[in-house]
Amino acid sequence: MSGHLRQRISFRLHQWLGLCSAIVLLIVGASGALLALEKDIVALWPTPEVAVSGPLLPMPELNHKLAMPGKALQRIYLEPELNQPGRALYQDRQTKQRQWQLFNPYTGELLGPRPGISEFFADVMALHRWLLLPNSVGSVITGSATIMAFFLLITGLLRRAPDKLASIKDWLWWKRGSRGRLALWQFHAVLGTWLFIPIAIMVLTGPWYAFNWYRDGLKQLLASPQAALVTPKQAPVADDEALWRNFLAVKADGRYARWFLPRGENGVVRVSYLAPDAPHSHAFSTLTFDAAGNLLQQRRYHELQGGDYLLANMYALHTGSYFGAGGRWLWALSGLAFASFAVTGLWLFFSRRARPREQASGNADTLIAYASQSGTAAAHGQQLQQWLQSCGTQAHLRAMTQIQPEDFAAYRQVLLLAATYGEGDAPDSALAFQQRLATAAVSYHQVNVAVLAFGDRQYQQFCAFGHWLAQRFTQLGATTLLPLQEVDRGAEHTLSQWQQSLARKLMPQHVAPTVPATSAWQQATLLQRTSLNPGSGREIHHLLLDVSGAWQPGDILEVLPCWDEWQSRQYLQALGLDGDAMVCIHEGEMPLWQAQAHYLETAPMHREEGVANGVSAQQYADMARPLAPRSYSIASMASPLALMVRQVIKADGNSGRASTLLATAKAGSHWQVRIKPHEDFHLPATDVPLILLATGTGLAPFLGFLQQRAQQQARQPLWLLFGERHAEQDNYYGRELQRFVDDGIITHLDFAWSREASGPQAPQHGPYVQDYLVAGQARLQEFLRRGAHIYVCGAINGVGAGVTQTLTRLLGKAQLQALQQQGRYHRDLY
């Protein structure tokens, strides 16, 4: 069977078996986890103790003392601890109801019903085995679900099995930076892989307690041949004296664990006991007597082998007690994980089945077409459409399965979001589309295409369907809008980089505007660095730099994040690379440390890679991208030039190169910088009302705006809305802002602390800046009526999208577009 067919079959089996059994497995798994820890929990519960007063009461005398009117004594249990009471199980002769009673094993005195905690666990056991239903019904349901669980495990393992041994690390370890649906899948799959063995043992032993055919089949398969028990006709009442004598002949101390009294006229008596060297609490040796007390069979635990040994340990394996206290806790964790898989599995199923609603109404120059197997590409397509629309670009969103090849010719830009399933296949829903496109005779000479290819790097044909789409569109005449971008398991930093590149292509006026001129690089000196929220874990630093040249509030300072020689050598040494090795790059021939420090980004390789894996210095230099400048909004109107910098921690745990350098820089250090005008984000030439909305470091340009307004002695109102997480630690420049309020520069000031429950807010979070726009709708309309300009600075997918959506809802799409056309709606988003 091919790997592709194996993957498809295992996926479908796993999916539908999970749907059929999820609720039952949730109950069985959670209750099983609790039962695995029953002994540990009951030990913490206060229980009566008995005084150890000589030897145990002989069974004949004990049997007599435990007799209760109208009730049949069926079982007698003794605990290993000498000071613990015994337990006796009775069945009412009329109602057939069973009841446990505690008793003193030294006197035979009945002590009353067992504690409430034991009754609680009895109910949990009934839920676990029968779902609190009649035994004949509930056991069939739980047993069937458990058998399905075995096939769920096998198909899940086949679904995850790596095609190469080298990919086992990816198979077993959590991928850092996983979020959302991908993180849920990681939990479901990785935890299931690690706990495969204990869960497999549980599901293989579980049907033993549900089905006679399963139990009989295992006995026939595993048990060694033995003579059948012959029980000649005996008196209807067991000879307790003979039983006890013959038991003492085997177990001289008279200590037993379980005594099962006979049922019916010719029933047998079974006695279980623990040998002194028993390896666990259920390593029972057993004796079987007939009613007259004759020993019919003796099975010593330490003599059991092979199948007999497995059968004797069925309960211990099922509960984990075979492995001691550690085994019980591991089995409890596995039971909880097993229950959680029902929840995560259902969530993954319904999230992958819930495809975004097709949105292709109205006119649009851009089409987003997705082909999704697990839902990642479809979800990102929806997010991408929302982002484009928040930036004022109308885009259609459609699944490839609903598209005919000739439909693409109606669009100027086509964004293809394509997942690859297994080893290079198109997703199930896109197979027919792939066939149509492969045979289509259409022309895409007027179409610009960008492909975002989703895949899993553990497969050899990584992102193959995306590459096929890019090649096919090129064959049909399409122009490449952006180079194909591969995305390994939904890596968010890759998606963010691609979206930034797309923004520069499609919406330069909003995100990365084309400027008339760019100043040359110059050397700047750091005069001062101050942490604005020390100890917060998300520190923002205020930096003052001595920079030549002029700028306006709203302009950008580009910083080239160069390392010094020590930093570069340390990084290369960690990779096992020689910093003195000569390499050739675009700028010429130089030592690798110099190229890394001044001209190259860090190459995409793990720290354990390097010369040990045959990567030479030149190969490393070829892999690395050219060093790119980082852009920061200028936070002052005049010298010294001020910046707000938050140290960036990437999804993989590494720190951002530029932000780390700036956040740790010392006064007197030198930097390569250049000023880049941002004309679309300057203040208007006339004194008009302003509405400024910022989150985090997006406040930076507005500090310069306020200084400029103060210098101009502006009289028109200004409404500043600033959003961060916590008022106590994130109120950057709080005193400065208050001074602007006192001076009348800021006429209205709102803080949106998103992690604090105050102000207008959605139910799931504290207030965002756009929530204050809703609360101040009357002020918004009045400001706009008086010719106000709106400025937004912050994250594209945060404040950028949120404010645009809110303004669209409050003002209407037509009025918001009019503001953009009039140059009164300005955005600096990143």
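This is a predicted model: local features need pLDDT of at least 70, side-chain atom pairs count only at pLDDT 80 or more; totals for chains, interfaces and linings use all residues.

Mentor: Let's start with a charge and a ring: the charged end of R779 sits over the ring of W719, 4.7 Å from its centre.

Residues are numbered from 1 along each chain as its sequence is written, and side-chain values use heavy atoms, leaving out hydrogens and water.

Next, a pair of strands. β23 (residues 690-695) and β24 (residues 718-724) pair in the parallel sense over six bridges, with L690 standing opposite L718 in β24. Strands are DSSP runs of E with at least two residues, helices are runs of H or I with at least four, and both are numbered from the N terminus. Two strands count as paired if DSSP finds at least two bridges between them. β23 is mostly covered, as five of its six residues are buried; buried means under 20% relative accessible area, exposed over 50%, and partly exposed in between, with a 1.4 Å probe and protein chains only.

A search of the whole structure finds 33 aromatic pairs. Rings of Phe, Tyr and Trp (its six-membered ring) pair if their centres lie within 6.5 Å; planes under 30 degrees apart are stacked, over 60 edge-to-face, and the rest tilted. Take F408 and F433: their ring centres are 6.1 Å apart and their planes at 65 degrees, so this pair is edge-to-face. F408 lies in the loop between β10 (395-399) and β11 (413-419) and F433 in helix α15 (residues 431-439), so the pair ties together parts 25 residues apart in sequence. Both are tucked away: F408 is buried at 0% relative accessible area, and F433 counts as buried at 1%.

Compare F702 and F705, whose ring centres are 5.6 Å apart with planes at 40 degrees, so that pair is tilted. Both lie in helix α22 (residues 700-712), three residues apart, about one turn of the helix. An α-helix has 3.6 residues a turn, so residues three or four places apart point the same way. F702 is buried at 0% relative accessibility, and F705 is buried at 0% too. Elsewhere, Y301, Y309, Y322, F323 and W331 form one aromatic cluster.

Finally, a sheet: eight strands form an open one in the order β4-β3-β2-β1-β5-β6-β7-β8, with antiparallel pairing. β4 (110-113) and β8 (295-299) stand at the edges with a single partner strand each, so one side of each is left without a neighbour in the sheet.

Definitions and conventions:
A charge sits over a ring if NZ of Lys or CZ of Arg is within 6 Å of the ring centre and within 35 degrees of the ring normal.
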